[in-house]
Every structure is written in structure tokens, then in C-alpha cells.
Amino acid sequence: MTDQPRSLSKRLNFRIDEATYSAFEAKVSAANLTRSEFFRDIVLNNKTQVIARKITTDNTKQALFLINKTSNNINQLAKAANTAQQSGKITDQLYLSVLESLDQQNQLLQAFLDHVN
């Protein structure tokens with residue numbers, strides 16, 4: 001049985017940024033291969049490590065959206081408390097109490113985020 005050259009009829013295209021392209025070109029050059037030969041060698045000889053991305057469900061997306069909105073609200077409340085404290089509209093004791101409460105809320109959100117991810 002003779003080894004017939006395989007027809008390379010399928011083409012792959014993808015985009016990369018300039019820095020990644022430079023690194024890729026340096027490796028191709030060092031290997032003394034064409035880009036196609038280099039890519040085929042890496043992929044077909046399992047010289048890659050594939051790490052699957054977590055699947056983001058609609059529930060996860062919704063939870064992340066709500067966490068983002070809530071975090072924004074916490075930041076707005078902290079800014080308002082800071083402004084009120086600096087202008088003397090609230091006492092230092094109330095200011096510290098508000099910040100402590102906001103910090104607790106932030107910690108709860110972080111714990112929820114860790115659970116979601």
C-alpha cells in the first residue's frame with residue numbers, strides 16, 4: 001500500500017491580536033515550518049492542552065447582571081455616605097455604621113458570586 005498525499009482541502013481561519021501573532025510567528029520560525037505545518041503538527045500531535053470553558057447558563061447570566069447592578073448601587077451609597085460625612089450632614093458614628101453595612105452586603109455578594117462561578 002502506497003502512502004498517497006492527503007488532499008488539504010479544508011481551510012481554517014481565525015483572528016489574533018498583534019502580540020499573539022508575533023509570538024506565533026516566532027515559534028513558527030524557530031520550528032522551521034510553514035504556518036500550516038506548524039499548526040497541524042501542534043493540533044494533530046496533541047501538543048495542546050484544551051481547557052473547556054464553563055457553560056454560562058441564562059440563570060448565571062441573570063445572576064451576574066444583578067450582582068453588577070447591586071455592586072453599582074453599593075458604590076453609589078458609599079459615595080453618598082462619604083459626601084454626607086464630609087459635609088457634616090451625618091455623624092462619624094452613622095457614617096461608619098453605613099460603611100460597615102455596605103461592606104457586609106459586598107461580602108455577601110462576593111460569596112454569591114463565588115458560588116455562581
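User: In which helix is Asn 72 found?

Analyst: Asn 72 is found in helix 3; helices are DSSP runs of H or I with at least four residues, numbered from the N terminus. This is a predicted model, in which local features need pLDDT of at least 70, side-chain atom pairs count only at pLDDT 80 or more, and totals for chains, interfaces and linings use all residues. Residues are numbered from 1 along each chain as its sequence is written, and side-chain values use heavy atoms, with hydrogens and water left out.

User: How is the accessibility of Asn 72 to be read?

Analyst: Buried means under 20% relative accessible area, exposed over 50%, and partly exposed in between, with a 1.4 Å probe and protein chains only. Asn 72 has a relative accessible area of 38%, so the residue is partly exposed. By contrast, Thr 60, Ala 63, Ile 67, Ile 74, Ala 81 and Ala 84 of helix 3 are buried.

User: What covers the buried residues of helix 3?

Analyst: The cover includes helix 4 (92-116). Contact means heavy atoms within 4.5 Å; among the residues that meet are Ile 67 and Leu 77 in helix 3, and Leu 102 and Phe 112 in helix 4.

User: How are helix 3 and helix 4 oriented to each other?

Analyst: Axes are lines fitted to C-alpha atoms over the stretch in contact, and angles run from 0 to 180 degrees between N-to-C directions. The two axes come within 10 Å and cross at roughly 165 degrees. Angles over 145 degrees count as roughly antiparallel, and helix 3 and helix 4 are therefore roughly antiparallel to each other.

Notes:
Helix = DSSP H or I, 4+ residues; strand = E, 2+ residues; numbered from the N terminus. Parallel < 35°, antiparallel > 145°, perpendicular 65-115°, else oblique.
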